[in-house]
Amino acid sequence: MKLSVIGGGSWGLALAKVLHDSQHQVLVYDVSEKIVSKINDLHICFQLNEDIPKEIKATSSIEEAVSFSDVLLFVVPTKVMREAISSMMPFLTNKKLFINAAKGIEPETFMRASEIFTEMVPKEYFKGFVSLSGPSHAEEVIRGMMTLITASSENEKDALFVQELFHNTEYFRVYSSTDLKGSELGGALKNIFALASGLLAGKGLGDNARAALITRGLVEMHKFYEVYGADTKSITGLTGLGDLIVTCTSEHSRNFQAGYKLGHGKDLEETLASMTMVVEGIRTCEAAHSYGQEHDIDMPIINSIYEIIFEKKNPEEVFKKLLERSMKPE
Ligand SMILES: NC(=O)c1ccc[n+]([C@@H]2O[C@H](COP(=O)([O-])OP(=O)(O)OC[C@H]3O[C@@H](n4cnc5c(N)ncnc54)[C@H](O)[C@@H]3O)[C@@H](O)[C@H]2O)c1
């Protein structure tokens, strides 16, 4: 079948290749002319410097992308999600199924992607929404390395449809879930812990600290899910623990890399300027911190990362403060 991918960055093109490998016809839209010409003329993913099949075509026309298919896969950073949705709006003429593969939360509103789509897209053009999430670095998927992810939707039929669309028996196994809330929350929150994991590594701390971070990070995620009303069962699934492990332990993680640079003494502006790809954890940390304050959630790790990034506190002092908290049972 035909599919449009909105956002031709690393993850957009890795997923475009998965779809192409399952014999689907893919058209990629990107705002950057440079990205579009790298796809059409050189058949490469610019951000990853990886070859992609020449049958994957790109366009600079959002109108062409919207009319190409009734299934639109969004893979743009959450910071520009509203902009990308607005740009497609004038060209909607019928109902579309929206799939989102970006991971983040809007700091100003604490809205998840599904809520942003539901708010912005008029009902007559909205067929459904599915979130694709799980431990999946574009660097590995684009090379056809084994990956397992989850397609989540409140409408089971839509989740099953997307599961079938992306699933292949060579390297890409897709599960389905109806816990959309949990899936979107897990994909967003794990990026904060990836920043923390990079920070620890940047400060020369070792595997013990990282394992403790992942374990206690999971506890914070659990508290968050409970207050937020998400299904805590999915915390131990691919969209929770799975994504948390991969992002806290892999050099491919942009959030880990950003944390590592912060740990080496670079400030936030310098760190972001040196990154060519999106670092979602920073905005998500801001969002989660203010949500936690508002709802009185005890989240020492998230609050510590917030203090280091946004209040420019010294990481050593923040770590010390964490260790000095009163003793308690696990
Ligand atoms: N890279 C990964 O391994 C990976 C894996 C899973 C999820 N994600 C998530 O996917 C999202 C995108 O990440 P990425 O790594 O592909 O980022 P990226 O920086 O590699 O690419 C983003 C692309 O979006 C394009 N873009 C920006 N504004 C746009 C607009 N208004 N319309 C269309 N295109 C626009 C940019 O030109 C760029 O090509 C993030 O939320 C990220 O957390 C990434």
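**Notebook: N255 and its helix**

I looked up N255 and found its place in helix α11, residues 254–263; helices here are DSSP runs of H or I with at least four residues, numbered from the N terminus. The model is predicted, so I note that local features need pLDDT of at least 70 and side-chain atom pairs pLDDT 80 or more, while totals for chains, interfaces and linings use all residues. Residues are numbered from 1 along each chain as its sequence is written, and side-chain values use heavy atoms, without hydrogens and water.

Is N255 buried or exposed? I put N255 down as buried because its relative accessibility is 5%, and buried means under 20% relative accessible area with a 1.4 Å probe, protein chains only.

Next I checked polar contacts (N or O atoms within 3.5 Å, one able to donate a hydrogen and the other to accept it; residues adjacent in sequence count only if both atoms are side-chain atoms). The N255 side chain makes one with the side chain of N191 at 3.0 Å. The N255 side chain also reaches the backbone nitrogen of G281, at 2.7 Å.

I then listed contacts (heavy atoms within 4.5 Å). Beyond four places in sequence, N255 touches N191, A194, L195, V279, E280 and G281.

Last, I turned to the helix pair. Helix α8, residues 180–202, packs on α11 at about 40°, with the axes 6 Å apart; axes are lines fitted to C-alpha atoms over the stretch in contact, and angles run from 0 to 180 degrees between N-to-C directions. Residues of this contact include N191, A194 and L195 of α8 and N255, F256 and A258 of α11.

Definitions and conventions. Helix = DSSP H or I, 4+ residues; strand = E, 2+ residues; numbered from the N terminus. Buried < 20%, exposed > 50% of the residue type's maximum accessible area, 1.4 Å probe, protein only.
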